[in-house]
Amino acid sequence: MKWRSVMFSLVGVLVLAAYTLPAHAIGAGTVAPEIGLKDLSGRGVSIASLKGKVVLVDFWASWCAPCREELPVLESLYKKYRARGFEIVGVNLDNSTDNVQRFLSATRLSFRVVHDRGRTVADRYAPAKMPSSFLIDHKGVIRHVHAGFRAADRGTLEQQISALLSAR
């Protein structure tokens, strides 16, 4: 009887995992999922409207220490490369819009930020950790995925952005 109970528990865990994990991994070579939210200025943000540009979709939250370290680096890269067709969409995962606004009043970002309170965009991209970013080429295909952030990642990220911009 105990064996049967263990088997039912194991099957239950496997079924639950199958329904809560993404159906497929989002990675290099995958067409970028849609964003479909309005930015904090009220303008719609869609992957389709960004085709022809190199885009970094970055998942972050105000409570995430590595995110707070990464965002000024992304702002710097955005300012350096935006004239060449580089865009960043910051996807914030905070529960409260007030937290997002408070954070952004102290940390000025010139790239677009959407608040994914319902986690619809996060569910599509399935970021592995915070922060996670997806570098998308001009055709809308994910070319590089970055999970987490360390200061040493800046050089790699900048090389990848530059190479994709040159390949257009």
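This is a predicted model: local features need pLDDT of at least 70, side-chain atom pairs count only at pLDDT 80 or more; totals for chains, interfaces and linings use all residues.
Asp-94 is located in the loop that runs between strand 4 (86–92) and helix 4 (97–106). Although Asp-94 is buried, it forms no salt bridge; Arg-102, the nearest side chain of opposite charge, is 7.6 Å away. The side chain of Asp-94 does make a polar contact of 2.4 Å with the side chain of Ser-62. When residues up to four places away in sequence are not counted, Asp-94 touches Ala-61, Ser-62, Trp-63, Asn-99, Val-100, His-115 and Arg-117.

Glu-70 belongs to helix 3 (residues 65–81). Glu-70 is likewise buried without a salt bridge, and its nearest side chain of opposite charge, that of Arg-154, is 11 Å away. With neighbours within four places in sequence left aside, the contacts of Glu-70 are Asp-58, Pro-131, Ser-133 and Phe-149.

Within helix 4, the buried residues are Val-100, Phe-103 and Leu-104. Viewed down the axis of helix 4, these buried residues fall within an arc of 95 degrees, so they line one face of the helix. The exposed residues Asp-98, Arg-102 and Ala-106 are on the other side of helix 4. The packing partners of the buried residues of helix 4 are strand 3 (54–60), helix 3, strand 4 and strand 5 (112–115). Val-100, one of these buried residues, is also among the residues that Asp-94 touches.

## Nonpolar cores

In soluble globular proteins, nonpolar side chains tend to be buried together. In this model, the largest nonpolar core has 25 residues, and Phe-86, Phe-111 and Ile-161 have the most contacts inside it. At least two residues of this core come from each of strand 3, helix 3, strand 4, helix 4 and helix 6 (153–167). Helix 3 gives the most to this core, namely seven residues.

Phe-86 is in contact with Val-54, Leu-56, Leu-77, Tyr-78, Tyr-81, Leu-135, Ile-161 and Leu-165, leaving aside neighbours within four places in sequence.

Technical notes
Residues are numbered from 1 along each chain as its sequence is written. Side-chain values use heavy atoms; hydrogens and water are left out. Helices (H or I, at least four residues) and strands (E, at least two) are DSSP runs, numbered from the N terminus. Buried means under 20% relative accessible area, exposed over 50%, partly exposed in between (1.4 Å probe, protein chains only). Lys and Arg count as positive and Asp and Glu as negative; His and the chain ends are not counted. A salt bridge is a side-chain nitrogen of Lys or Arg within 4 Å of a carboxyl oxygen of Asp or Glu. A polar contact is a pair of N or O atoms within 3.5 Å; within protein, one must be able to donate a hydrogen and the other to accept it, and residues adjacent in sequence count only if both atoms are side-chain atoms. Contact means heavy atoms within 4.5 Å. The arc is that of the directions from the helix axis to the C-beta atoms. A nonpolar core is a set of buried Ala, Val, Leu, Ile, Met, Phe, Trp, Tyr and Cys residues joined through side-chain atoms within 4.5 Å.
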